[in-house]
Amino acid sequence: MLGITLLYVGAVLLVNGMMLLGKVSGKGAAMMNLLTGGITLIMNVSTILKALPQDASAYFTAATGLLFSFTYLYVGVNQLLELDGHGLGWYSLFVAVTAVPTAALSFANGDVRFGIIWLLWAFLWALFFLLLALEKPIARFTGYVAITEAVITCWIPGYLLLIDRW
């Protein structure tokens, strides 16, 4: 399931990066955000429903996956309704802060690749906080980071997981 999730998160990060660069309209990006948020929501809820009550790792996996689901659902709704991004920005701070100890746990469990990936995601969400909540003029930079992270933290790892080469 992780490969599927990463593949589509890569796609939505690419679209959102292009939106930040002015190549895609907000409404044009909304559908990909809603589709990705929706499919990852279904996958994470499915993980929760299948987990045994004592299976803390399944709940942790689903909870951290839901950080992505809610991000993209939030972005999609914001774009469709043309809302300001302040709430999404503050949510992004919450996610960025949550991603840092998640990276540390990955490193502690010997998963260096996902430790690095979680740190990169923390950085991207921190940029969304600065851009949306604090209104810093970093849209272009954030767009380029989103596109870069789409490829190196999601698209490639997701594809490799799907073909069992990770």
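This is a predicted model: local features need pLDDT of at least 70, side-chain atom pairs count only at pLDDT 80 or more; totals for chains, interfaces and linings use all residues.

Biologist: Let's start with H6. How do you know that the length of helix H6 agrees with its number of residues?

Modeller: H6 covers residues 139-162, which is 24 residues. A helix is expected to span 1.5 Å times one less than its number of residues, so H6 should span 34 Å. Its end C-alpha atoms are 32 Å apart, which agrees.

Biologist: Where is the kink in H6 centred?

Modeller: On Ala 150, with a kink of about 35°. Ala 150 is also one of the buried residues of H6, a list including Val 145, Ile 147, Glu 149, Cys 154 and Pro 157.

Biologist: What do the buried residues of H6 pack against?

Modeller: Two helices: H1 (2-20) and H5 (112-133). Just after H6, by the way, Asp 164 takes a positive phi of about 60°.

Biologist: On to the rings. How many aromatic pairs does a search of the whole structure find?

Modeller: Nine. Tyr 74 and Tyr 91 form one of them.

Biologist: What makes the pair of Tyr 74 and Tyr 91 tilted?

Modeller: The centres are 6.2 Å apart, and the limit for a pair is 6.5 Å. The planes are at 40°; stacked would need under 30 degrees and edge-to-face over 60, so tilted is what remains. This pair links distant parts of the chain, with Tyr 74 in helix H3 (residues 56-81) and Tyr 91 in helix H4 (residues 86-108), 17 residues apart.

Biologist: And why does Tyr 91 count as buried, while Tyr 74 counts as partly exposed?

Modeller: Buried means under 20% relative accessible area. Tyr 91 has 16%, so it counts as buried. Tyr 74 has 30%, which lies between that cut-off and the 50% above which a residue is exposed, so Tyr 74 is partly exposed.

Biologist: Why is the pair of Trp 90 and Phe 129 called edge-to-face?

Modeller: The ring centres are 4.9 Å apart and the planes are at 70°, so the pair is edge-to-face; the cut-off is over 60 degrees. This one joins helix H4, which holds Trp 90, to helix H5, which holds Phe 129, across 39 residues. Phe 129 is buried at 10%, whereas Trp 90, at 48%, counts as partly exposed.

Biologist: What links Phe 68, Trp 118, Trp 121 and Trp 125 into a cluster?

Modeller: Ring pairs do. Those four residues, together with Leu 13, touch the most other members of the largest nonpolar core, which has 29 residues. H5 supplies the largest share of this core, ten residues.

Biologist: Why does Ser 106 count as buried?

Modeller: Ser 106 lies in helix H4 and has 13% relative accessibility, so it falls under the 20% cut-off.

Biologist: Last one: what makes Ile 39 partly exposed?

Modeller: Ile 39, in helix H2 (residues 26-50), has 35% relative accessibility, so it counts as partly exposed. Ile 39 and Gln 54 are 15 residues apart in sequence and 25 Å apart in space, C-alpha to C-alpha.

Key
Residues are numbered from 1 along each chain as its sequence is written. Side-chain values use heavy atoms; hydrogens and water are left out. Helices (H or I, at least four residues) and strands (E, at least two) are DSSP runs, numbered from the N terminus. The bend at a residue is the angle between axes fitted to the seven residues ending there and the seven starting there. Buried means under 20% relative accessible area, exposed over 50%, partly exposed in between (1.4 Å probe, protein chains only). Contact means heavy atoms within 4.5 Å. Rings of Phe, Tyr and Trp (its six-membered ring) pair if their centres lie within 6.5 Å; planes under 30 degrees apart count as stacked, over 60 as edge-to-face and the rest as tilted. A nonpolar core is a set of buried Ala, Val, Leu, Ile, Met, Phe, Trp, Tyr and Cys residues joined through side-chain atoms within 4.5 Å.
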